[in-house]
Amino acid sequence: MTTVGAITKDTAKTERRSWLSLTIALAVSGLLSASIARAAEPEAPAKAEAPAVASSADDIVAFINEQIRQSWKDNEITPSPVADDYEWLRRVYLDIVGHIPSGDEVEAFVADKDKLKRSKVIDRLLDDPAYTRNWTTIWTNLSIGQQTPRRVSRDGMQKFYREAFGRNRPWKDVVHDILTAEGHFEENGAVNFILAQMQDQDDGVQLTAKATRLFLATQVQCTQCHNHPFNEWKQDQFWQYNSFFRQVGKRDHRKPDPKTGRPIDDFSEVVWRDFSGPVYFEKRSGLMQVAFPIYNGHEIDPGPETERRKELANLITAGDKPQLALATVNRIWGHFFSYAFTRPVDDMGPHNPASHPAILDRLAEEFVKSGYDMKQLMRWIANSEPYQLTSKATKKNESDNPAAGETPQFAHMYVKPMTAEQLFDSLIVATNAQKTGRSGWEASEKQRQDWLQQFVRTFGTDENEESNSFDGSIPQALMMMNGQLVQDAVSVKSGSHLGEILAGKGNEVQKIQQLYLTSLGRLPSRAELSGFQKLAKGNRDPVALYQDFFWALLNSNEFIFNH
């Protein structure tokens, strides 16, 4: 984490920022915040039309749209207008490939008159190498955390997911490999999910809780010690799940340090552990109970020859609408819309009914029929009508506010903070900052990792849950305002984006338009242009003015949030 001393040093280096910087920042932030907070009530809201898609997906997208429209009607809600091309393109880039589009990509998309251009962009992004990188990062963080646990190989976990998303492997096969993994933590990267959950114990308790939450959206961890007070989960059900993981063993290998001769960590591996029969657990009354490997009423042979994890991996994908499919659809929908059909996303069941059960069930069934095709699932969601809507709420859908505890109706897009990875990569795209900062892959990757660690917060729960989104904390805000990456971004060194704009052709208005396109993915409004021109009048240092203005754009709410 950034130290107080480091923050003070960075702040001191930027003392040159005059009252003008803060004036611009406040002015721009105010204009931008207002622009995404609420739209003026349209006289006749445009009817959102989902883009045409391939015939194989037509019925599925139409079903989503019909169900959502019926929900709006039942709740007397009018949807917001369709997002304009600027807003939609920025959103779909962030959601699929993890960074904003370049200014050139924005201009090309807006100029394109093809009625199918949104569907075509979705298809192109799903085939972009950045898709693989983005979803590798997402699932690596979900599997082992943003901070790599001891004796866990992040490189190994990333390699496994990179291959899975790069080849678009069936998701059930990916999960099967993770749950049944054995071997060296880099030779078989899938084992790192298990190793990350086996830090301090080897009875599979943490592994049970994490696997059921991540892959089945089932929270059984509370029933480890007692029956759940609010749902049907009983204590013995936790241990029934746990009995599937009792054949997992971990072996840590050490080697002598060549400098000191002392033993240090070398590598870890997951190995088979001989286990048969039931698991014994103690009830609060003190009575000892037994639990056999049972999943949703299906009991398997508890003998020593049974490979329990393989049996579990098969059971969770059995049937037309298996729990793995439901959990995956719920999570991916939540990724694109900020809110899933249930809250939290990893707690599904009769005690926590889905907001739109028909959509959840249909998508789960179609996901299975598609062969657990992740790209196809994302394609259906991104082509749906609610995904086309603006994030600007109107008076006729203000009640659609999940942040206030209301059930999501998806009548407008919900604003969400960027993750640290999205923010870093978007800054690189917006500014070409990598050309003016440290050179070389190692230096660039170190800068990226140092940046990411500033955002990670561990909540101290039983599972060491983390968050790495921008939440506006003081250290994060100071890093954004004064950090080296942003300082490189607003420099006018040779090769910098800002330097190229100032040295290039175009008048004052055209230069400001370029800054808006590359940072916010849209053109400035008349009010924003007028505000800049007022500040520019009589300013004796136009370069500093542009630097301060670009700095303000990069630190604005509109840049930091995905909407």
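Asp373 is buried (under 20% relative accessible area, with exposed meaning over 50% and partly exposed in between, for a 1.4 Å probe and protein chains only), yet Asp373 has no salt bridge, a salt bridge being a side-chain nitrogen of Lys or Arg within 4 Å of a carboxyl oxygen of Asp or Glu. The nearest side chain of opposite charge is that of Arg379, 5.7 Å away, where Lys and Arg count as positive and Asp and Glu as negative, while His and the chain ends are not counted. The model is a predicted one, in which local features need pLDDT of at least 70 and side-chain atom pairs count only at pLDDT 80 or more, whereas totals for chains, interfaces and linings use all residues. Residues are numbered from 1 along each chain as its sequence is written, and side-chain values use heavy atoms, with hydrogens and water left out.

Asp373 is placed in the loop between helix H15 (357–369) and helix H16 (374–382); helices (H or I, at least four residues) and strands (E, at least two) are DSSP runs numbered from the N terminus. When neighbours within four places in sequence are left aside, Asp373 is in contact (heavy atoms within 4.5 Å) with Asn168 and Phe367. Arg379, for its part, meets Asp123 in a salt bridge of 2.7 Å, N to O, and this pair links distant parts of the chain, with Arg379 in helix H16 and Asp123 in helix H6, 256 residues apart. Asp123 is partly exposed, at a relative accessible area of 31%.

A search of the whole structure finds 25 salt bridges. In one of them, the side chains of Arg118 and Asp85 meet at 3.2 Å, N to O; Arg118 lies in helix H6 (residues 117–126) and Asp85 in helix H4 (residues 85–96), so the pair ties together parts that are 33 residues apart in sequence. Both partners are buried, Arg118 with a relative accessible area of 11% and Asp85 with 18%. By contrast, Arg167, whose salt bridge with Glu163 brings the closest N and O atoms to 2.2 Å, counts as exposed at 59% relative accessibility, and Glu163 counts as partly exposed at 31%. Salt bridges that share partners also join Arg150, Arg151, Lys250, Asp252, Arg254 and Asp265 into one network.

Lys250 of this network stands opposite Val270 in S3. Strand S2 (residues 248–256) and strand S3 (residues 263–272) pair in the antiparallel sense over nine bridges, pairing being assigned if DSSP finds at least two bridges between two strands. Their hairpin has six residues between the strands, and there Gly261 takes a positive phi near 80°. These strands belong to an open sheet of three strands in the order S1-S3-S2, with antiparallel pairing; strand S1 (183–184) and S2 stand at the edges with a single partner strand each, so one side of each is left without a neighbour in the sheet.

Among the helices, H14 (residues 323–337) has 15 residues and reaches 21 Å from its first C-alpha to its last, close to the 21 Å expected at 1.5 Å a residue, the expected span being 1.5 Å times one less than the number of residues. Of the 15 residues of H14, 14 are buried, so this helix is largely enclosed by the rest of the structure. Ser519, in helix H22 (residues 508–520), is buried with a relative accessible area of 0%. The C-alpha atoms of Ser519 and Ser102 are separated by 8.3 Å, although the two residues are 417 residues apart along the chain.
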